[in-house]
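Walk through this model with the coordinates open. We take one chain, then the other, then the contact between them.

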Amino acid sequence: MIDIQDISKSFDHGRVPILKKVGFTVHDGELVALLGPSGSGKTTLLRIIAGLESADGGQILFDGHTAQTKRMRERQVGFVFQHYALFRHMTVFNNVAFGLRVKPWSLRPGRKTIRAKVNELLELMQISELSKRYPSQLSGGQRQRVALARALAIEPKILLLDEPFGALDANVRQELRVWLRQLHDSMGLTSIFVTHDQEEAMDMADRVVLLEKGILQQIDRPENIYEKPANFFAYQFLGQSNQLLAEISGQQLKIAGKFFSSNQPAPLASPAFVYLRPYHIRPLPASSIGQADFTGRIDKILFGGSTIKLHIKTENMQPSFLEAEIPPSDVSDLGLVTGKTCGFMIRQLTYFTSPQEPPILFHRYQPAP
Amino acid sequence: MGRFFLIALAVIFLTILLVIPILFILVEAFGEGFGVYWQILTSQETLNATKLTLLVAFITIIINIIIGLSGAWAISKFHFRGKTFLTTLIELPFSISPVVVGFLFILLFGRNGWFGRWLEQMDIQIAFAVPGIVLVTIFVTFPFIIRELVPLMQEQGKDDEEAALSLGAKGWQIFFRVTLPNIKWGLIYGITLCLARATGEFGAVTIISGNIRGQTDTLTLHIKNLYDGYYSTQAFAVSSLLLLLALVTLVLKSLLEWSSRAKPENNLALKAKKS
């Protein structure tokens, strides 16, 4: 268990605050993502946990024991660097063996034990055939595996990874994600990794720690962090959104003459900005355009892999531009054509009374006839 | 055609500036036969001068390695106030005439200098003695190693050291197993330059040494003395000794490079050094 308590850190003698009283707990066996934009302090926090950097305030407990007094080499923490930091003058084998060879005399395993251990790790990483190569002769994915093997050689209980897939091609990245998740589970590790890629965090982590400007914004399971953002930053960072002007009074919201309601009253605001995710816009078939809440002209249809983006110019909304996200099959099923008018519904609107507060959600409601 | 012209130009240039003078030294050195040549080289004065030159070069290189490594480490791996100033300061010895350096040290350590009286009381002789020669030689040569190391270490960053730390290595293990192999070639190159300059230094040494025959004569001073005394054959003979020293250094360096070129990681280090 890693207990991170009120960690504060600033650079340049307090002039540049990096972390402000960040605290959370990582349980044994968990895989936790530190997610945030660049400059949010996530890497600094990881380095503090590793002991590469010291905190100005707060403390870190490993299984209830304070870590500050321990030096880095006594912490039993494996660290994988963003650019791997492999020793370029050593072969893959010697890189992996390094942690074992620098152990104090009394704890250092014999030559044979070291060889067996390193070979076992190389096999686990599926890179046995590379043991005599030098880092400069490896691909990005292979270097990543060597870096992992090297970190795991000292049998750490905790594994820390700084942007583990940042320098890799998209397809290698996907493959390594799955593989790393399996490795984490099979070895019974407790892991924390840093990423700026929300998809990566959602894909791999048990829980996501969302950081912004050195402040902890939200810590939650991936599905919750997506569905129940803690504040405006969390909402914005975790996906695209459209912005619309609406009139709000109490539990009622009006947009282009249509009413939405929430189970929670909002303060009177008119006009106010509300937000909606592109996938909360649902186009209707051309035949049932009469039943649609809203209509607009399709400006563009962007084919981008697993989802399709529609650019819609609406008739009576402000601003008039909307981006919708639909499954590829919908384009032909619904008969959507560039330049034509289409009708659509909005499933959910999100309203923030203040940037720090959780949002109020509004859904379409049909007034009693 | 253009290529041929350029190569020819380079060959002619090198012949006039390097090959002919070197051949001239050898021809002149053996001008009175091998017997005389050998006699000059084994004379007490030459032996003393050789010993002194090698001693000064040795101390200088050791001290420059220590200054170079710690200085380059500080500049490249830490942030501190006045870093830019320090980096500029390192270049200073290159832009000051060695003669001025010699006078500077006399001014500081000579009998009437700033520390002269105090040194006399402590019975320490710096000016007109071996310590003075060592000091000015260090002053003149200390940029060589540090200048090679700073860009190399800056480029490599702290990542490797931190990785070693995270794997449990202690400070000295990190230095000898990670840092030193990474900067090996830069260091060797710096040492070669430093050695060449230390054995060849004349201006600063001639001022600070006081030119005491058989005591504070380095090889270069010895050559100048012989030449001034119209012993030109002798002067050339001793010059050939310095030449030999330079060649041995070069050959050693090439051998080292050649013997490790087979390994790919050294090729990489070499490339890093040259870029």
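A residue is buried if 20 or more other C-beta atoms lie within 10 Å of its own, exposed if 12 or fewer, and partly exposed in between. By that count, buried residues make up 35% of the 275 residues in chain B. In chain A, 38% of the 369 residues are buried. Keep in mind throughout that this is a predicted model. Its scores are ipTM 0.80 and pTM 0.80.

Begin with chain B. How many helices and how many strands are there in chain B? The count is 14 helices and zero strands. Read from the N terminus, the elements run α-α-α-α-α-α-α-α-α-α-α-α-α-α. The C-alpha trace of chain B spans about 65 × 65 × 35 Å along its principal axes. Its contacts reach along the sequence. Of those with a separation of 6 or more, 75% are between residues 24 or more positions apart.

B:Lys51 and B:Leu219 are 168 residues apart along the chain, yet 8.9 Å separates their C-alpha atoms. B:Lys51 sits in helix 3 of chain B, residues 44-77. Is B:Lys51 buried or exposed? It counts as exposed, because it has 12 C-beta neighbours inside 10 Å.

Next, confidence. The mean pLDDT of chain B is 86, and 94% of its residues reach 70 or more. One stretch needs care. Over residues 266-275 of chain B, pLDDT stays under 50. The model has 15 contacts beyond four places in sequence for that stretch. Where pLDDT is low, the predicted coordinates should not be read in detail.

Now turn to chain A. It has nine helices and 19 strands. Its C-alpha atoms fill a box of roughly 85 × 45 × 35 Å, taken along the principal axes. The domain assignment divides chain A into domain 1, residues 2-231, and domain 2, residues 242-364. The centres of the two domains, taken over C-alpha atoms, are 41 Å apart. Among contacts in chain A between residues at least 6 apart in sequence, 65% join residues at least 24 apart.

What lies inside? In soluble globular proteins, nonpolar side chains tend to be buried together. The largest nonpolar core here has 76 residues. The members that touch the most others are A:Ala33, A:Leu34, A:Ile49, A:Val96, A:Ala149, A:Leu160 and A:Val209. Beyond its neighbours within four places in sequence, A:Leu34 contacts A:Lys42, A:Leu45, A:Leu46, A:Ile192, A:Val194, A:Val209 and A:Leu211. A second, separate core holds 50 residues, including B:Phe105, B:Phe144, B:Ile145 and B:Ile183.

Some backbone details of chain A deserve a stop. Helix 5 of chain A has 18 residues and reaches 26 Å from its first C-alpha to its last, close to the 26 Å expected at 1.5 Å a residue. After helix 5 comes A:Gly188, with a positive phi near 65°. A:Glu163 also has a positive phi, about 40°, although it is not a glycine. A:Glu163 lies in the loop between strand 7 (158-162) and helix 5 (170-187) of chain A. A:Glu163 counts as buried because it has 20 C-beta neighbours inside 10 Å.

A:Lys213 is not a glycine either, and its phi is positive at about 50°. Its place is the loop between strand 9 (207-212) and strand 10 (215-220) of chain A. With 15 other C-beta atoms within 10 Å, A:Lys213 is partly exposed. Which peptide bond is cis? The bond from A:Gln318 to A:Pro319 is cis, with omega near -10°. A:Pro319 is in the loop between strand 15 (307-314) and strand 16 (321-326) of chain A.

Finally, bring the chains together. The contact takes 21 residues from chain A and 17 residues from chain B. On the chain B side, helix 9 (159-166), helix 10 (171-200) and helix 14 (264-274) each give two or more residues. Helix 9 of chain B supplies the largest share, six residues. By class, the chain B side has nine nonpolar, four polar and four charged residues. Recall that pLDDT stays under 50 over residues 266-275 of chain B.

Technical notes
Residues are numbered from 1 along each chain as its sequence is written. Chains are lettered from A and ligands numbered from 1 in the order in which they are written. This is a predicted model: local features need pLDDT of at least 70, side-chain atom pairs count only at pLDDT 80 or more; totals for chains, interfaces and linings use all residues. Domain bounds come from an automatic or database domain assignment. Two residues are in contact if their C-beta atoms, placed from the backbone, lie within 7 Å. Helices (H or I, at least four residues) and strands (E, at least two) are DSSP runs, numbered from the N terminus. Ala, Val, Leu, Ile, Met, Phe, Trp, Tyr, Cys and Pro count as nonpolar, Asp, Glu, Lys and Arg as charged, and the others, Gly among them, as polar. A nonpolar core is a set of buried Ala, Val, Leu, Ile, Met, Phe, Trp, Tyr and Cys residues joined through C-beta atoms within 7 Å. The expected span of a helix is 1.5 Å times one less than its number of residues. pLDDT is the predictor's confidence in each residue, from 0 to 100.
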